[in-house]
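Trainee: I would like to go through this model one element at a time. Please give the cut-offs as we go.

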Amino acid sequence: MIHSLFLINHTGDIFLEKHWKSVVSRSVCDYFFEAQEKAGEADNVPPVIPTPHHYLVSTHRDRIFFVAVIQSEVPPLFVIEFLHRVAETLQDYFGECTEAAIKDNVVIVYELLEEMLDNGFPLATESNILKELIKPPTILRSVVNTITGSSNVGDQLPTGQLSNIPWRRAGVKYTNNEAYFDVTEEIDAIIDKSEIQGVIDACIKLTGMPDLTLSFMNPRLLDDVSFHPCVRFKRWESERVLSFIPPDGNFRLMSYHVSSQNLVAIPVYIKHNISFRESGSTGRFDVTIGPKQTMGKTVESVLMIIHMPKGVLNMTLTAAQGTYTFDPVTKMLIWDIGKITLPKLPTLRGVISLQSTAPKPEENPTISVQFRIQQLAVSGLKVNRLDMYGERYKPFKGVKYVTKAGKFQVRT
């Protein structure tokens with residue numbers, strides 16, 4: 001299925017490659033570089049790129065492109081899901097999925113890839129199984145391996161590999177039993193149309209073999225759901241509750257989608273007046289941002305990015321809150337606002353300097369906004385309760401909600 005895997009950094013350098021069946025030349029990535037140049041931004045690169053003899057399937061995570069090379073037609077989502085699983089495994093092992101972390105642990109990365117894919121087909125992708133096969137790196141283990149010449153590969157086969165619950169290892173024991181869930185929602189919006197992409201990440205540290213049931217106050221909000229293999233899908237279809245025996249540690253329990261048909265509330269509003277004079281070399285810039293329908297929660301980490309037209313030479317602005325920078329070369333205006341504190345609203349206004357010989361820009365720029373709201377799920381989704389069966393102790397339980405901007409754009 002998958003012949004080769006290339007890891008490419010944001011500057012276009014291939015810093016790691018792995019081949020399973022036969023060695024594929026690096027020159028195949030030239031087709032990817034061409035598509036990347038046409039796309040402009042990393043998120044706009046086509047996920048599937050056909051070449052004369054191969055297909056390139058790619059994902060982008062943490063400024064790294066994971067590019068898989070396949071020779072025959074396979075379901076693209078199958079390959080994309082595997083690439084995401086590789087990135088999540090590296091994140092789980094090293095704490096971060098960056099070029100530096102991968103280079104520092106390159107031997108473990110190759111060992112993981114060898115276990116995750118067998119002759120090009122996915123084999124072991126569950127974190128609990130992989131951690132029994134290949135021990136995560138620690139300072140002490142690295143010192144011992146250096147002195148003794150041993151490796152991180154385990155001596156025994158994983159206990160859960162042959163069980164009907166392969167995602168959970170046997171004999172788990174904890175002094176403090178805890179179950180925490182993070183509900184994170186990203187809101188994508190263009191003008192007034194918006195959609196929500198949400199995930200529920202879990203951190204489960206429970207002794208034994210607990211059977212959990214998670215219920216919601218309003219599960220009918222969810223249009224399109226994707227579950228971890230541990231979730232019993234028939235129970236969800238019939239009762240709209242999540243019933244599962246959880247993996248040990250951190251994992252993504254489910255991802256979901258809420259469409260614009262469900263009256264998605266946009267948590268911020270933007271007032272803008274960006275104008276260019278027909279004759280002359282100046283223009284006006286006036287932008288204000290404020291909270292809307294945030295249930296009293298504070299909007300934090302607000303950042304505004306605006307790509308100005310090519311004819312703009314410079315901008316002389318005054319920020320009522322935060323700081324701004326304008327790059328005359330890339331024509332990018334970045335306004336770092338931080339936290340919005342009422343009643344005063346953040347405002348950025350001033351004068352735009354244009355080239356005297358350049359015509360008036362035909363289109364006004366698009367405003368991209370980033371923000372974060374703690375303890376709010378903008379869709380209205382709420383966890384009702386978590387019940388545990390099969391064990392007699394009472395665990396600590398908690399739920400945290402976060403709403404943040406995905407592709408949030410305002411056209412001026």
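Mentor: Angles under 35 degrees count as roughly parallel, over 145 as roughly antiparallel, 65 to 115 as roughly perpendicular, and the rest as oblique. Axes are lines fitted to C-alpha atoms, for helices over the stretch in contact, with angles from 0 to 180 degrees between N-to-C directions. Helices (H or I, at least four residues) and strands (E, at least two) are DSSP runs numbered from the N terminus. The model is predicted: local features need pLDDT of at least 70 and side-chain atom pairs count only at pLDDT 80 or more, while totals for chains, interfaces and linings use all residues. Residues are numbered from 1 along each chain as its sequence is written, and side-chain values use heavy atoms, with hydrogens and water left out.

Trainee: Which word describes how α2 and α4 lie to each other?

Mentor: Helix α2 covers residues 76–94 and helix α4 residues 106–116. Their axes come within 11 Å and cross at roughly 140 degrees. The two helices are therefore oblique.

Trainee: How many nonpolar residues are in the contact of α2 with α4?

Mentor: Contact means heavy atoms within 4.5 Å. On the α2 side the residues include F82, V86 and L90, and on the α4 side I108, L112 and M116 are among them. Ala, Val, Leu, Ile, Met, Phe, Trp, Tyr, Cys and Pro count as nonpolar, Asp, Glu, Lys and Arg as charged, and the others, Gly among them, as polar. By class there are 1 charged, 1 polar and 10 nonpolar residues.

Trainee: What is the strand order in the open sheet of 4 strands?

Mentor: Two strands pair if DSSP finds at least two bridges between them. β15 (residues 282–291) and β20 (residues 347–354) pair in the antiparallel sense over 7 bridges, with D286 opposite R349 in β20. β14 (268–276) and β17 (312–319) each have a single partner strand, so they stand at the edges. Pairing in the sheet is antiparallel, and the order is β14-β15-β20-β17.

Trainee: How many of the 10 residues of strand β13 are buried?

Mentor: Buried means under 20% relative accessible area, exposed over 50%, and partly exposed in between (1.4 Å probe, protein chains only). β13 (residues 249–258) pairs antiparallel with β9 (residues 193–205) over 9 bridges, where Q197 has H257 as its bridge partner. β11 (residues 224–227) also runs antiparallel to β13, joined by 4 bridges, and F227 is bridged to M254. β13 is largely enclosed by the rest of the structure, because the number of its residues that are buried is 7.

Trainee: How far apart in space are H272 and V287, C-alpha to C-alpha?

Mentor: H272 lies in strand β14 and is partly exposed, with a relative accessible area of 32%. Beyond its neighbours within four places in sequence, H272 contacts several residues, including D286, V287 and I367. H272 and V287 are 15 residues apart in sequence, and their distance in space is 4.4 Å.

Trainee: Which residue is joined to P343 by a cis peptide bond?

Mentor: P343 lies in the loop between β19 (332–338) and β20. Omega of the cis bond is about 10 degrees, and the partner is L342.

Trainee: What is the phi of D62?

Mentor: D62 sits in the loop between β4 (55–61) and β5 (64–70). D62 is partly exposed, at a relative accessible area of 45%. Its phi is positive, in a residue other than glycine, and near 55 degrees.
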